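Biologist: I would like to understand the words used for this structure. Can you show it to me and take my questions in turn?

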Protein chains: 2
Amino acid sequence: MLELLKNAKKAAGELANLSTKEKDKILGLWGKALWTNREEIIQANKKDLEYGEEIGLNPGLMDRLRLDEERIQGMIQGLNVVRALKDPIGSVDKMIETEDGLRIGKMNVPIGVIGIIYEARPNVTVDCAALTFKSGNALILRGGKEAIHSNKKLVDILQKTLTQEDLNKNFVQFIDDPTRESSKKLMEAVGYVDLLIPRGSASLIHACIDQAKVPVLQTGEGNCHVYIDASADLEMAWDIVENAKTQRIGVCNAVESILVHKNLAKEFLQGFQKIQEKHGIKVHGDQGTCEVLSAERAKEEDWGKEYLAMECSIKIVESLDEAITHINQYSTGHSEVIVTESYKNSQEFLKRVDSACVYVNASSRFTDGGQFGMGAEMGISTQKFHARGPVGLEELTSYKYIIYGNGQVRK
Amino acid sequence: MLELLKNAKKAAGELANLSTKEKDKILGLWGKALWTNREEIIQANKKDLEYGEEIGLNPGLMDRLRLDEERIQGMIQGLNVVRALKDPIGSVDKMIETEDGLRIGKMNVPIGVIGIIYEARPNVTVDCAALTFKSGNALILRGGKEAIHSNKKLVDILQKTLTQEDLNKNFVQFIDDPTRESSKKLMEAVGYVDLLIPRGSASLIHACIDQAKVPVLQTGEGNCHVYIDASADLEMAWDIVENAKTQRIGVCNAVESILVHKNLAKEFLQGFQKIQEKHGIKVHGDQGTCEVLSAERAKEEDWGKEYLAMECSIKIVESLDEAITHINQYSTGHSEVIVTESYKNSQEFLKRVDSACVYVNASSRFTDGGQFGMGAEMGISTQKFHARGPVGLEELTSYKYIIYGNGQVRK
């Protein structure tokens, strides 16, 4: 493990100095190599699927695990998207000139070595490799045992391409040891790992926050809210709620909790009943909601839940202020929406709600690197330190100050 | 402690919504209150000085601990500098418009609750309060026992001013318990403390990195290098080395290690001898250096040392490449300098040296928030995550995406 860490650090030093042209060439070759070796990938994946059946992996995870030609094409398309993105490294936005005549600018540089701990999705392997490579960062992947054959094969193909091009294959490394012990070592690799990103379940993320000694980027938990203000356009409110709750239920930007102002609560809920029946949504409501809808009485813990299912909580509030206070108390800081025709209330909501993405009159489902014009993403950060919201190439960079002088000394 | 943490979180929510005008008014009133109560401050400080003599605090620390009218005026001047700075909160650099017609922008927001663990310098109390308050962050101060009376008095004055203005006094809180236990609780306050900044010795900083579960900003360790390239202007090289090594020796941006290209090593070192004799610099040199100068033979560990004294290491290198490799291996990532007349070498040094501040032909002593046009600073970050180099108001902010729609849903 120590050797792997040292190799990563060395590779990061080399990768930081590759030109955009060299990096883009590799991204293109990776796509070709994945397609050429698609049969081998699918064979390796079969071993994982067999193991998955053996241990009774649930259908959702089995589906995420499965690779076929179409999904391999999806990976290749991902590589091409990243290849087309602007290389963030080396740019200096502006330089200032000081009284002493020093010229000072901030140059974008890679973070260094990025570690990923993930579970049963082999596409994460290629997505993360593409984004970290383009942003000049060395990558250490620590995948779960469910996808180990697929992941090893994918990394093997990526590394072979690097070797063929006389580059350091350790730009991308895979830890062939899906134990708690290897995760722990990665979390404690101070001086080697500059950033650790857990991708997967809430329990994985919280284990990283709790145990890691290296910086962690917290991503992906979304207890998102829609608040229907007293002045909302009801048709718009129903559209947004239906989209945000039901378009895809297993994603972090889906809405999990609806707040509605008392003045239009009855009318909104009566219309919402049709959406509820159409999609079979299970509702945890406060007393007022239960009087209008078929709902279970919400318990305190229901307000904080990320359901990731056809299920949500609904609460009638007295005021915008109550809505904002409720959101800031229970949300995970991901995405929140107000539906309103009031200019004043829209501004207050934008100002006071403390989440990564705050919407007026649009679905929370837009919180996504692609939708935000970033091309691709490593995940959605729900912390305030370093990066917040979608994490794309820019967010995988740091900076250094470069200073041009002509002999200046400090007085 | 839990109550203090909860109070800080609540205060952060309120502080985020204060206008620049309201914040600047308080910064002005704080200055007035410090001056009005200067006698009380000096009396409280006397108790700390007496305790310091009792436990035999070293003269350097005793000096840092001492407050008098002049030093209180220094604190007030610091408040005025921060007051004059541009408030970073609320600004949105640009908004993009997506294909769907959503307008998306990144709004600067406070980080939330900032914790500081510091040692025997009471001026840190007021400096940190000014910067965190102006940037809209609630502050929790955990100072050392050596300055406890001074710190408590200062915070008491700041809090009274807030109360008199009908504001939440918990914008600034002080932990009246200078034990390891209270530091540990602060380091583990996940969900309450958004950022922890240790200010003080290397051992304090490393304890935070090792033990904290909340995000930590690593600051202040500086094993800074000057590399004298083969093409250097020797007069400039001597000026820069003298300034960077001797102008102030106890600071993190002072130079601790000199590398010199073999082609002009002898001439440079002969000239350096005068600087050495003038200031009484103790040198840890490699063999070649020891042949020219009065120096001790450097041991391996000497290359990594931050001396903070009239002391440095000197090494003769074969090439620019050797210099860069040496720096990236031994430096703490703070500030490094090349002295050169070669355009090519200047560009290579700027590109490949992986430190917060990389200089061509200027003294490393300029690494400072004030010198960089930031007005004031919390410290110099030597990590790559979130902020690097001087940490001023901008670096105490995060952002949130604000999104204006008119009913958009995701297809």
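Biologist: How do you know how far to trust chain A?

Modeller: This is a predicted model. pLDDT is the predictor's confidence in each residue, from 0 to 100. The mean pLDDT of chain A is 95, and 100% of its residues reach 70 or more. For the complex, the predictor gives an ipTM of 0.93 and a pTM of 0.92.

Biologist: How do you know that the copies meet through the same surface?

Modeller: Compare the interface residues. Of those in chain B, 100% are also interface residues in chain A, so the copies meet through the same surface. In total, 56 residues of chain B are in contact with 56 residues of chain A. Contact here means C-beta atoms within 7 Å.

Biologist: Which elements of chain B give two or more residues to the side that touches chain A?

Modeller: They are α9, α10, α14, β13 and β16 of chain B. The largest share, eleven residues, comes from β16(B). By class, this side of chain B has 26 nonpolar, 19 polar and eleven charged residues.

Biologist: What makes β16 of chain A and β13(B) a pair?

Modeller: Count the bridges. Two strands pair if there are at least two bridges between them. Here five bridges join β16 of chain A to β13(B), so the two strands pair. They run parallel. As one example, A:Ile403 has B:Tyr359 as its bridge partner in β13(B).

Biologist: Why are β10 of chain A and β1 of chain B called edge strands?

Modeller: Start with the sheet. It is an open sheet of ten strands with mixed pairing, in the order β10(A)-β9(A)-β11(A)-β8(A)-β7(A)-β12(A)-β13(A)-β16(B)-β2(B)-β1(B). β10 of chain A and β1 of chain B each have a single partner strand, so one side of each is left without a neighbour in the sheet. Further in, β2 of chain B and β16(B) pair in the antiparallel sense over eight bridges. In that pairing, B:Val109 has B:Ser398 as its bridge partner.

Biologist: Where do the domains of chain A lie?

Modeller: Domain 1 covers 2–219 + 378–403, and domain 2 covers 224–366. Their centres, taken over C-alpha atoms, are 35 Å apart. Five residues of domain 1 are in contact with six residues of domain 2. The domain 1 side has one nonpolar, three polar and one charged residues.

Biologist: Why is A:Trp35 called partly exposed?

Modeller: Count its neighbours. A:Trp35 has 14 other C-beta atoms within 10 Å. Buried needs 20 or more, and exposed needs 12 or fewer. The count of 14 falls in between, so A:Trp35 is partly exposed. A:Trp35 sits in helix α2 of chain A. Leaving out residues up to four places away in sequence, A:Trp35 touches A:Ile72 and A:Ile76. A:Thr246 is 211 residues from A:Trp35 along the chain, and their C-alpha atoms are separated by 35 Å.

Note on methods: Residues are numbered from 1 along each chain as its sequence is written. Chains are lettered from A and ligands numbered from 1 in the order in which they are written. This is a predicted model: local features need pLDDT of at least 70, side-chain atom pairs count only at pLDDT 80 or more; totals for chains, interfaces and linings use all residues. Two residues are in contact if their C-beta atoms, placed from the backbone, lie within 7 Å. Helices (H or I, at least four residues) and strands (E, at least two) are DSSP runs, numbered from the N terminus. Ala, Val, Leu, Ile, Met, Phe, Trp, Tyr, Cys and Pro count as nonpolar, Asp, Glu, Lys and Arg as charged, and the others, Gly among them, as polar. Domain bounds come from an automatic or database domain assignment.
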